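User: I am new to this structure and would like to know what stands behind the words used for it. Could you take me through some of them, setting each value against its cut-off?

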Amino acid sequence: MRLLLTGATGFVGRHLDEALRETDWEIVRATRSAERAREPGWVRLDVEDPSTIEPALQGCDAAVYLVHTIDDSKDYPAREARSAEAFRKAAEQAGLKRIVYLGGVEPRGKGSRHLRSRLRTGEILRDGTVSCIELRAALVVGAGGSSWSMVRDLAARLPAMLLPRWLKFYSWPVFVEDVVVAIIRALQMPEQGSRWYDLPGPERISHEQLLRRVARAMGKDPHLVAVPVLTPKLSSYWIALVTRAGLPLVSELVEGLQSNLDPSGESLWDVSPGSKPTGLDSAVRMAL
């Protein structure tokens with residue numbers, strides 16, 4: 001079986017690539033770099049250039065869609081939607097049997113534009129004739145993840161911190177290796193139709209509690225003071241100063257933390273016998 005892995009050089013893609021090498025899948029890794037695409041096992045693909053999609057999918061039986069954009073442009077959700085539509089149509093033309101897409105949790109309320117964009121991408125991919133399994137995860141804990149890196153840097157570098165209101169909201173952080181297991185399970189699922197599953201970690205925890213847990217795992221005990229009037233925009237500025245993340249990325253991530261990110265449907269763990277997510281403290285230790 002031949003698998004196209006998009007986002008192969010990204011955070012989840014690198015972990016998934018390593019795990020897939022232990023399976024029977026023949027992996028074709030997608031890249032926008034023309035130079036790397038000449039290397040064995042790689043193929044050129046730019047989802048914003050539809051002419052590159054169908055050639056990349058030639059001979060493939062399945063694809064993992066790990067494409068996601070966060071920037072400060074106003075039109076990136078529209079670009080993401082067009083890319084997903086082009087990929088879905090090309091997958092239908094190529095005769096794929098399965099697409100697995102890693103998306104985001106549906107927030108309570110309106111949600112940020114990057115979370116809405118991820119949900120819209122999932123809807124588009126599930127709307128075709130190719131069976132698509134969408135997995136919805138909140139914060140993914142693991143070295144190299146943008147949200148995780150932001151939390152880790154804050155815990156490591158701040159002896160004291162003003163707590164904006166959004167740190168009181170809750171999420172279900174999941175370990176990156178559990179995400180990898182879930183994607184491989186989704187590739188193997190026998191069902192023919194398309195659907196989505198939540199991919200929660202084992203514990204519901206507020207962003208403040210997570211920050212404290214990570215700091216404690218690093219042998220630190222920062223002094224945290226609640227300041228309800230600190231706006232998401234203001235807190236984005238100081239997070240960008242303290243961490244290694246750029247301001248556009250931080251602003252989008254913080255905007256996505258303005259509500260509880262709770263599961264709202266069936267969990268993949270419920271339909272995957274013998275699977276359960278890694279404990280949060282263990283995940284944090286391994287990520288550190």
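Analyst: A salt bridge is a side-chain nitrogen of Lys or Arg within 4 Å of a carboxyl oxygen of Asp or Glu. The model is a predicted one, and by this rule the count comes to 17 salt bridges.

User: What makes the pair of Arg-79 and Glu-48 a salt bridge?

Analyst: The closest N and O atoms of Arg-79 and Glu-48 are 3.3 Å apart, and the rule asks for a nitrogen of Lys or Arg within 4 Å of a carboxyl oxygen of Asp or Glu, so the pair qualifies. Arg-79 belongs to helix 3 while Glu-48 sits in the loop between strand 3 (42-44) and helix 2 (53-57), so this pair ties together parts that are 31 residues apart in sequence. In general, side chains of opposite charge can pair when their charged atoms come close.

User: Which salt bridge does Asp-262 make, and what parts of the chain does the pair link?

Analyst: The side chain of Asp-262 meets that of Arg-204 at 2.8 Å, N to O, which is within the 4 Å of the rule, so the pair is a salt bridge. Asp-262 is in the loop between helix 9 and helix 10 (280-287), Arg-204 is in the loop between strand 11 (195-198) and strand 12 (205-206), and the pair links these distant parts of the chain, 58 residues apart. Asp-262, at 9% relative accessibility, counts as buried, whereas Arg-204, with a relative accessible area of 36%, is partly exposed. There is also a network, in which salt bridges that share partners join Glu-106, Arg-126, Glu-134 and Arg-136.

User: Why is Asp-153 called buried, and what does its side chain meet?

Analyst: Asp-153 has a relative accessible area of 3%, under the 20% limit, and so Asp-153 is buried. Its side chain meets that of Arg-152 in a salt bridge, with 3.0 Å from N to O.

User: Where does Arg-152 take part in a contact between helices, and what kinds of residues make up that contact?

Analyst: Arg-152 is one of the residues of helix 5 that meet helix 7; Trp-148, Val-151, Leu-154 and Ala-155 are the others listed from helix 5, and they face Leu-210, Leu-211, Val-214 and Ala-215 in helix 7. The residues of this contact divide into eight nonpolar, no polar and one charged. The axes of helix 5 (residues 146-157) and helix 7 (residues 207-217) come within 9 Å and cross at roughly 65°, and the crossing is right-handed.

User: What else does helix 5 pack with, for example among the buried residues of helix 8 and helix 9?

Analyst: The buried residues of helix 8, namely Ser-235, Ser-236, Trp-238, Ile-239 and Val-242, pack against helix 5, strand 8 (160-163) and helix 9. In helix 9 (residues 247-255) the buried residues are Val-250, Glu-252, Leu-253 and Val-254, and what covers them includes helix 3 (76-94), helix 4 (113-126), helix 5 and helix 8 (232-242).

User: Why is Gln-93 called exposed?

Analyst: Exposed means over 50%, and Gln-93, in helix 3, has 62% relative accessibility, so Gln-93 counts as exposed.

Notes
Residues numbered from 1 in each chain as written. Predicted model: local features only at pLDDT ≥ 70, side-chain atom pairs only at ≥ 80, totals over all residues. Heavy atoms only, no water. Axes fitted to C-alpha atoms, helices over the stretch in contact; angles between N-to-C directions. Helix = DSSP H or I, 4+ residues; strand = E, 2+ residues; numbered from the N terminus. Left-handed = near helix turned anticlockwise from the far one by under 90°. Contact = heavy atoms within 4.5 Å. Nonpolar A, V, L, I, M, F, W, Y, C, P; charged D, E, K, R; others polar. Buried < 20%, exposed > 50% of the residue type's maximum accessible area, 1.4 Å probe, protein only.
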